[in-house]
2 protein chains.
Amino acid sequence: MKNKMISVLLFAALSLSFAQTEAKSDNFSQVQLKQIEQLKQQALKSDLAWNLVESLTTEVGPRMPGTVGDKAGVEWAVKKFNALGFDKVWTEPVTFPKWIRNFESAAIISPSPQKLHITALGNSISTPKNGVQAQVIEFETLAELENASQRAVKGKIVFINYRMNRDRDGNGYGPAVQARNRGAVVAAQKGAVGYVMRSVSTAHHRFAHTGGSHYKEGVTKIVSSAISNADADQLHRLIALGKPVTINVNVQTKSMGEGTSYNVIGEFTGSEFPEEYVLIGGHLDSWDLGTGALDDGAGVAITMAAAKLAAKTKPKRSIRVVLFAAEEFGLWGAKAYVKKHEKELSNIVAAAESDFGADVIWGMESNVHASVLPVVRDIATMMKSLDVEHIGSNSAGGGPDLIPFRPFKIPVFKLAQDGTDYFNLHHTADDTLDKIDPKKLRQNVATYAVFSYMAANAKTRLVGKNN
Amino acid sequence: MKNKMISVLLFAALSLSFAQTEAKSDNFSQVQLKQIEQLKQQALKSDLAWNLVESLTTEVGPRMPGTVGDKAGVEWAVKKFNALGFDKVWTEPVTFPKWIRNFESAAIISPSPQKLHITALGNSISTPKNGVQAQVIEFETLAELENASQRAVKGKIVFINYRMNRDRDGNGYGPAVQARNRGAVVAAQKGAVGYVMRSVSTAHHRFAHTGGSHYKEGVTKIVSSAISNADADQLHRLIALGKPVTINVNVQTKSMGEGTSYNVIGEFTGSEFPEEYVLIGGHLDSWDLGTGALDDGAGVAITMAAAKLAAKTKPKRSIRVVLFAAEEFGLWGAKAYVKKHEKELSNIVAAAESDFGADVIWGMESNVHASVLPVVRDIATMMKSLDVEHIGSNSAGGGPDLIPFRPFKIPVFKLAQDGTDYFNLHHTADDTLDKIDPKKLRQNVATYAVFSYMAANAKTRLVGKNN
């Protein structure tokens, strides 16, 4: 049904194109507006992004920072940028604390022995060789754990069963991630011997969701893990029966010291203002469980393809695609980029990261100086036929890798994807290529291509709130 | 959407009940027809089946024949039958070749190292401790493998990538299962060192599907396994790139000799013809990966609940619920039942097994002597308001456990569930309670209750084609 609707909308987009080239703009010529319409049509027919994400997830596969797959991903990206004819292709080193997962398993020991589908959260320590085994104590929220007595928690495995909300904009993620970030610390402070949480996930399939977690100096480190939502329900039901429930959690991981990877960057150089550039991109690394198709192979492919298409008509400003390294371990690539380029971040005329899956883009939000809002409105007008709304609040945060850019108040855009189903798959073994709809991917490419072209060619240069 | 439709239909069922009690029948009195309508209403409001399947899958969990879980399942069933007030409750021993799974993992070794989600097929031998490692050769079908040359296959791991068809009646299963039953034998005959198949599954989630497989005397035994469909696609894409693809398959299993379990039987005794009985049931065992919710906790719960409700008005004939043992290993419980009861199978006035998940029943098909078709038509009439069609062909096969009954041509019924989504979950770790819709479960109970009541009370006794 959704697919059908998209087809209809995309068809409508093509049909409307003539009417829209008649639109007036102070920032774009009629010739340019026509080029934008052609660009949309090309993008909506192009398989380039699909081919890229298929190649990345198949020929490289999982790309956890510092692993063989990550290295292969960097080589892949350099090769693809070159093959696509980017004018400049280079890498910039990124360091991060390397961590790997070797083994994980869990089971209910009593009252009814059965396997649990578990995964270690990123950065978790190992359990003893035979696991940690103890009675489970359940809390609905992190706050409930925070209010619990030491006496109740001591010697037990803490289980937080917080249910994440499904939401188009992913607003359920933030509250759910609290328990992932801090659960093991709070549990350990109360004397727990292990920490297990319900997955930060909206799916009922039996995949556990991984993701970053943290320890605190001075607090005993205990194993930090997540079980699938189906398993969390099972544990909840058993505990509700009133008898003590004992589980065993066995996680074997390793912290490997400092790892190195690379931001991979490809640029089409602008014809008039080569220093000024549009920054688009995604992150090249992924978690190890899946093949990083939605997170973030799609973003890599969408932005590489969009740049390639948008650059065909030699834009005035450069279009730079940055594939960030080690995002999953804590935005290490983005932090390195900002550090290295700190003095020239003002050259960025617009930045947008694609890192929210591969569903359609439904909205566009800017975060720019008020003086350049007419350009934003022009961009919005040209995106209408792609079924992209203008979100008027002008306070976009951009993708995760744009967080380290925030202090510099550069012009940021959010091309908002529909994230309703994103957290069914995100950070699980189930994040694989087959979950991407090629048609929706094309709509993403078209939107990013329009965005890149227009930001690179606008008569008035886009500027951020720093101005 | 589907759920909403069902609600509307169920509501219509209730509203229509008065009109239908006016129906005429030679086999049922007006009082009985009213009782049937009341029975439907009770069943559509009853949580009994849900409570049973929740208890079985939670408090017992996986029930692979011969395991601790299987034993707990038998105890659970005896206890529940007694608690529900069945007049007679007993067990009958069943033996079977016991097999267990200890460990399984697989990975692509080259060209791009990554994990594969694999499971051993039932009865598979173990690989050497470090797995079997070899180049993969792919076939689309078992027939294609059969036509392959020894030279092409020798020393390789055979991969059959047959894609199962999705179908409401599960008609895609039979053709797909060929490769599960015989793939390892045919591969070994051509000199293969291992066998991996695409899962017999219609889902794209990363769960491998297990199920019975067989060896042949005189043919070398090689490991017999299945990978998830997402992994099968991945392997297919890599192989299609033209470079040799090497994988490692590590499966550790154990054949344990003869195991023992029990058919568990509960009966409500008929008031006029206690020897004659309606046989309904499911199988109590399950595979080890999930908790056997759809396969076949649902069937167990539906038929236990239906018998309990149908027996409230003291039917003329007995209603017997048979929970078969060791179905998954080859219908061992059903074979044992037929053997033990061979001389009195003619006492069965109607038999139906629920073993196709928990989606709604859309059709009812009989397999009875032509002389008793008027009774079948009466049953069909009373099922109409439950949105159950009469399938007129009168050649129902019944569920898997009724296969050993076939030579005896007893009266058999198929209460056909919608199986469109069944093979998304069947025989995988994802077969868990949360996949059951309580509303749909109630429609199943209502249909089985109507069936049991009417077969037990019909003026004309139902007889099979043996008469």
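In the predicted model, the axes of α3 and α9 (residues 293-310) of chain B come within 8 Å and cross at roughly 140°; axes are lines fitted to C-alpha atoms, for helices over the stretch in contact, and angles run from 0 to 180 degrees between N-to-C directions. Helices are DSSP runs (H or I, at least four residues) numbered from the N terminus. α3(B) and α9(B) are therefore oblique to each other, a class left after angles under 35 degrees (roughly parallel), over 145 (roughly antiparallel) and 65 to 115 (roughly perpendicular). Residues of α3(B), including B:Leu52 and B:Leu56, meet residues of α9(B), among them B:Ala301 and B:Ala305, where contact requires C-beta atoms, placed from the backbone, to lie within 7 Å. By class, this contact of α3(B) with α9(B) has 12 nonpolar, two polar and one charged residues. Ala, Val, Leu, Ile, Met, Phe, Trp, Tyr, Cys and Pro count as nonpolar, Asp, Glu, Lys and Arg as charged, and the others, Gly among them, as polar.

The contact between the chains takes 24 residues from chain B and 24 residues from chain A. On the chain B side, two or more residues come from each of α3 (48-60), α4 (68-83) and α8 (229-240). α8(B) gives the most, with five residues.

Chain A is divided into domain 1 (2-87 + 269-457) and domain 2 (99-255), with bounds from an automatic or database domain assignment. Their C-alpha centres lie 35 Å apart.

Residues are numbered from 1 along each chain as its sequence is written, and chains are lettered from A and ligands numbered from 1 in the order in which they are written. For this predicted model, local features need pLDDT of at least 70, side-chain atom pairs count only at pLDDT 80 or more, and totals for chains, interfaces and linings use all residues.

Definitions and conventions
Contact = placed C-beta atoms within 7 Å.
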